[in-house]
Structure formats: C-alpha cells, structure tokens
Amino acid sequence: MTAPTFGGDDLRANVHAHSRARRLVVFALLYLRGRIRASELWLVVIAAGVGAVAGLATLTTSFLARRFQIALYGLSHTERLSSAHNLSPWTLLALPAGGLLLGVLTRLWMRRRPRPIVDAVEANALRGGRMSLRDSLFLGVQSVVSNGFGASVGLEAAYAQLGGAAASVTGGLLNLRRSDLRAFVGAGAGAGIAAAFGAPLTGAFYAFEIIIGSYTVANIAPVVAAALAGALIAKVFDVDGMVIHASVTDALTLTHYLIFASLGIVCALFGIGVMRMVALTEKGVSHLRLPVCIRPAIGGVLLALIAWCAPQTLSAGHGAMRMDFGLELAAGTLALLILSKAAASVLALGFGFRGGLFFASLYLGSLVGRLYILSLYAAGLDIGIDPMAGALVGMGAMAVAIIGGPFTMTFLVLETTGDFALTAATLTASIVASVLVREVFGYSFSTWRLHLRGETIRSAHDVGWLRTLTAGRMMRSGAATISADATLDVFCRQFPLGSTRRVVALDPEGRYAGIVPVAAVYADHDNEGTAGQFAVNAANRLTPDMNIKVIMSEFDRTESDELAVVDQDGRMMGIVSEAYATRRYAEELERARRDLVGGE
C-alpha cells in the first residue's frame with residue numbers, strides 16, 4: 001500500500017489558508033494595540049478577559065489538588081482534608097511520597113531551567129511585568145503536588161502566579177507599555193485571588209497592595225474589571241466563596257479598639273517569627289547537603305508525624321478553620337493547634353514543598369486571635385468581645401503581618417462576614433501589624449524570600465528602571481586617552497587648548513589612571529613633569545553594572561563632574577557626566593510620575 005499523496009493545488013491551498021490565518025491574527029493584534037493606546041475602554045475589556053482566564057486557572061488548580069486529596073486520603077466530595085475524621089495513619093505516607101515526587105520533578109526541571117522562577121511581585125518590581133508562562137505552569141504543578149498530597153501549604157501563590165503569567169503573556173502580545181503591563185500582571189493575580197475567595201474587592205486590593213505596589217487612577221478600572229471577572233467565573237461554576245457568620249459588640253469603644261490594636265502587635269510578632277523560622281529551616285536543610293530530590297521526602301516524613309497528632313495541619317487549612325469556628329475550643333487546644341500548624345507550615349516550606357502562607361496565615365491568625373481573647377477573659381478582664389470576633393480580627397492581622405496588604409485583608413473580612421463593625425476592628429489591628437512589621441522586620445513573606453536571594457526590594461513598587469539605568473548604558477565611549485607617563489610637551493602637542501575638555505590617562509599596562517583636565521594643564525605647567533601629575537579621580541571610578549542611585553551617590557561623594565567607567569580589569573570603557581546622569585534620572589522620575597497619575 002502506498003502512502004497517500006497530496007496534489008500541488010491542495011498543498012498551495014493549505015499554505016495560503018495558513019498564511020491568511022496568520023495575517024488575520026497579526027492584523028487583530030495590531031488593531032488591538034492601536035485601540036488600547038487610543039482608548040482606556042479597550043484596556044478594561046481585555047483586562048476583564050484576562051481576569052476570566054485567571055479565574056479558570058484558579059478553579060482548575062483547585063480542582064486538581066482536590067482530586068489528589070480525594071484519591072489519596074479517601075475523602076468524600078464534600079469533606080476537606082484538614083477537617084477529615086478517622087484518617088488512617090497509612091494514608092499519611094502520601095506526604096513523603098508526594099515529597100519524593102515533587103523532589104524528582106523539581107530536580108529534572110532545574111537541569112533544564114536552573115534560574116529561580118520569577119513570581120508576580122518580582123516581575124513587577126524588577127522586570128516591568130515580564131513573566132514566563134512555562135515557569136509559571138511548572139510552579140502550578142509544584143503547588144498542586146504539594147497541596148494535593150497534603151503538605152501544609154496553600155494554593156494562593158499558584159493562583160496569583162498563573163493569573164499574573166496569563167496577564168503578562170497577553171500584555172506582551174499586545175505590546176503594552178511598561179506601566180500597563182505591570183497593571184495587567186496585578187489584575188491577573190488579583191483575579192486569581194478573587195476567584196479563590198469569591199471576593200472581588202479582596203482580589204482588587206491584593207493587586208494594588210501586593211502585586212502592583214501602589215494605587216493609581218489609571219489602574220483602578222482594569223484591576224477591578226479583572227477581579228470582578230474572576231469572581232464571576234467562580235460563581236458561574238457554582239464555587240462558593242468563604243462565608244463566615246460572626247459579629248462584634250454593637251458599639252465599639254476606645255477600649256475595644258485598644259484591645260484589637262494590641263492583638264495586631266501580637267500577630268505582627270508571631271508573623272515575624274514564622275517568617276524567620278522558614279528562613280532558618282531552609283538554611284539548616286541546605287547545610288545538611290541533602291540532594292534536592294530527597295529534601296521534600298524527608299520533610300514529608302516530619303509532616304506526617306505532626307499530622308498524626310494534629311490532622312488539622314494537613315493542607316492549607318480551609319476545612320480546619322471552618323470546623324474550629326463551630327467548636328468551643330479550650331485555650332490549651334488552641335495553643336497546641338497554633339504550634340502544630342506553624343511548625344507544619346515552616347517545615348513544609350523549609351524542606352522544599354511549594355506553595356504559600358496566605359491561607360495558613362489566615363488560619364493561624366484565627367487561632368491566635370481567639371486564644372488572645374480567651375486569655376484576657378482568663379485574666380479576669382470583662383472586655384465584652386466575642387472570641388469569634390477575635391478570631392476574625394486576628395485572621396486579618398496575621399495575614400497582613402506575613403503577606404502584607406492591610407486593606408486586602410480588611411476587605412476579605414468584610415466580604416466574608418458582612419459585618420462593618422468587625423471590619424473597622426480588623427482595619428485597626430491590620431494597620432498596627434503592618435506598621436510594626438515594616439518597622440521591625442521590613443519585609444513581607446514574598447519580599448523576604450527575595451531578600452534571602454540577594455534582592456533588596458521591599459514591595460512590588462517599580463524599581464526595575466533603576467537597575468536598567470546603569471553606567472554601562474549611559475556612558476559615552478571614545479574618550480581621548482594618553483599615557484600617564486607622557487610629558488607635558490607631548491600632551492600639549494596632541495591636545496591643543498580648546499580641542500577637548502578632558503583626557504583620560506592610562507598607566508603603562510593600559511589601565512585607567514585618572515582624568516586629566518586640559519585647562520588645568522595649560523593653566524599651570526612649565527613644560528616639565530608628566531600628564532599623570534594632573535590626573536584626578538584616579539581612585540574614583542564606576543563599573544558598568546552600577547545603577548543610577550549608586551552613580552548619583554558617587555558624584556555626591558567625589559564632588560566630580562565626570563567619572564570614568566572601567567571594567568573588572570581596570571581598563572577604560574567610557575565616561576559618564578553628572579549632568580547627563582541627572583537629566584536621565586529626572587526623565588525617568590517624570591515618566592514614573594506620569595504613570596502614577598495616569599498621564600501620557
């Protein structure tokens with residue numbers, strides 16, 4: 001039998017059809033690019049589409065993790081892992097098995113792509129919103145395996161990562177401006193969170209406070225549109241958001257606000273302790289020199305031991321928090337749950353499971369807040385506050401201490417409880433926790449992890465342009481040079497007065513030896529000596545990777561008008577003037593200001 005063949009006409013028809021489809025796609029992209037730059041309405045429409053995609057990604061991720069839990073732990077379709085009863089100890093072997101699977105997958109991935117995965121916060125702070133879809137999908141796989149096998153981490157990091165990556169890819173195809181692309185990444189990440197909790201305001205403020213790093217007039221419409229679309233997608237698929245019924249006293253007094261403010265202090269200190277313990281655990285595990293593929297498996301064994309004593313530590317803790325809200329728990333039980341959940345989350349992240357502390361911080365905060373109010377009653381203080389109210393306020397304050405975003409967590413409490421008095425109390429505790437953490441510690445969990453990798457950012461505020469504005473990019477090459485040993489007669493013959501303002505002196509090996517002002521040579525010389533005697537700033541130099549902030553500080557320190565840029569071997573590369581650096585810095589600041597107020 002011979003293979004089927006296609007005639008030349010068929011082949012040409014297929015080629016022409018493919019070419020027409022490609023031209024249509026290109027035309028559509030060009031049309032959308034033009035419309036987006038001409039009208040903000042189109043930006044909002046596309047942001048809503050991105051929000052819908054982010055919502056679908058959130059639901060898919062949650063569905064996959066849930067299927068893993070049902071299959072591995074024998075749960076019913078309505079049962080949550082962290083609230084499951086009568087789990088067989090043998091089922092807890094899923095934790096080390098999942099750790100081993102995660103370790104192998106991570107090892108194979110690192111061989112192909114050894115660089116760390118860029119999350120939405122880092123992308124917006126340093127890379128102008130550019131994210132890798134491939135890396136983000138793998139992070140989603142890691143999170144599904146970690147959470148699906150029962151590790152004490154949440155999926156919220158994957159929700160934000162996938163939503164942000166979808167927005168980044170879309171914005172890249174549409175060739176959006178840097179500010180618009182950053183807003184898109186925030187909108188996509190916020191839409192993922194909005195879909196997870198069924199809370200559009202929470203998702204929108206998550207985008208503003210945590211992913212974008214600022215509130216801007218220009219970003220309100222696309223971010224809110226994306227968050228609404230993400231939440232609506234969850235409703236279309238009949239996914240219920242987190243709804244909690246609780247209330248506080250009818251009228252909050254100054255005493256109540258002071259109590260909730262002190263709860264914010266407690267949550268801030270506890271949150272700082274958790275973040276530091278994660279870092280110490282990671283450092284300790286790295287010192288053990290265990291293979292990367294083995295670390296999560298060993299962590300899984302430790303998590304299984306904790307879960308055997310406290311099953312509520314399994315997974316993120318959605319079911320456990322709902323269950324505990326309906327129970328009258330003693331102070332000793334609450335303390336045990338707090339220590340168990342904190343230890344499980346620290347070990348999971350420290351040993352290499354992938355996920356976030358978003359929901360874990362909510363659960364821990366609810367336990368800490370409840371224990372705090374019960375402790376005040378035990379001390380004989382009649383404060384008139386329902387322990388359930390303390391749990392919800394603590395939930396918001398702890399999440400602010402670890403994740404950041406006081407308005408994000410305040411609106412989460414509002415949208416899950418519908419209680420405005422409780423919202424005011426949560427805002428009080430959240431502001432106190434936020435200020436204390438920034439003053440004492442300085443980082444949220446995401447930026448703290450970046451700090452451990454050597455980064456210095458403290459929020460998602462755009463500082464990437466500072467790093468791209470380097471001496472290597474601003475320098476002028478081709479400066480006149482002369483040997484530092486050249487006599488002054490030789491110098492004057494080569495560089496008559498008025499031919500140039502300065503000449504770079506080089507040592508016998510051709511390395512930078514200072515800048516010689518031509519006017520200074522002609523003003524004071526007796527035809528004796530060398531050019532090197534007039535050289536200045538021989539020890540003051542720039543390297544090509546120095547950013548604009550460092551460059552400006554060097555100009556202030558040396559009080560020089562010009563500085564040379566040299567390579568690591570000390571060889572001359574170019575000259576940067578203070579006037580030019582100042583002008584470029586001012587231009588970028590003005591551009592950032594226009595982005596902030598939505599100007600063109």
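**Nonpolar patch**

Helices here (H or I, at least four residues) and strands (E, at least two) are DSSP runs, numbered from the N terminus. I noted that this is a predicted model, where local features need pLDDT of at least 70, side-chain atom pairs count only at pLDDT 80 or more, and totals for chains, interfaces and linings use all residues. Residues are numbered from 1 along each chain as its sequence is written, and side-chain values use heavy atoms, with hydrogens and water left out.

I listed the patch members: Leu100, Val104, Leu108, Ile294, Ile298, Val301, Leu302 and Leu305, with about 590 Å² of accessible area together. Patches take residues with over 30% relative accessible area and no salt bridge, joining like charges within 9 Å and nonpolar side chains (Val, Leu, Ile, Met, Phe, Trp, Tyr) within 5 Å. A salt bridge is a side-chain nitrogen of Lys or Arg within 4 Å of a carboxyl oxygen of Asp or Glu. Areas come from the Shrake-Rupley method with a 1.4 Å probe, and for residues only the protein chains shown count as cover.

Helix H3 (94-112) and H11 (295-309) each supply at least two residues of the patch. I checked Leu302, which lies in H11; its relative accessibility is 31%, so Leu302 counts as partly exposed. My cut-offs: buried is under 20% relative accessible area, exposed over 50%, partly exposed in between (1.4 Å probe, protein chains only).

**Strand E4**

Next I looked up E4 (residues 562-566): 5 of its 5 residues are buried, so the strand is largely enclosed by the rest of the structure. In a regular strand the side chains alternate between the two faces of the sheet. I found Glu562, Ala564 and Val566 pointing one way from E4 and Leu563 and Val565 the other way, all of them buried.

E4 pairs with E5 (residues 572-577) in the antiparallel sense, over 5 bridges; strands pair if DSSP finds at least two bridges between them. Leu563 stands opposite Val576 in E5. The two strands form a hairpin with 5 residues between them, and Gly570 in the turn has a positive phi of about 85°.

**Helix H12**

In H12 (residues 318-325), I found Gly319, Ala320, Met321, Asp324 and Phe325 buried. What covers them? H13 (331-350), H14 (358-378) and H15 (387-402) are included in the cover.

**Positive phi**

Most residues other than glycine have a negative phi. I noted Asn175, with a positive phi near 55°, in the loop between H6 (156-173) and H7 (178-197). Its relative accessible area is 45%, so Asn175 is partly exposed. I also noted Asp238, with phi near 60°, in the loop between H9 (217-236) and H10 (254-287). At 64% relative accessible area, Asp238 is exposed.

**Cysteines**

I looked for disulfides (a pair of cysteine sulfur atoms within 2.5 Å) and the structure holds 0. Cys267 is at 0% relative accessibility and so counts as buried, while Cys309 is at 64% and counts as exposed.

**Whole protein**

I wrote down 24 helices and 5 strands. Of the 600 residues, 50% count as buried. Among contacts (heavy atoms within 4.5 Å) with a separation of 6 or more, residues 24 or more positions apart account for 72%. The accessible surface comes to about 27600 Å², and 61% of that belongs to carbon and sulfur atoms.
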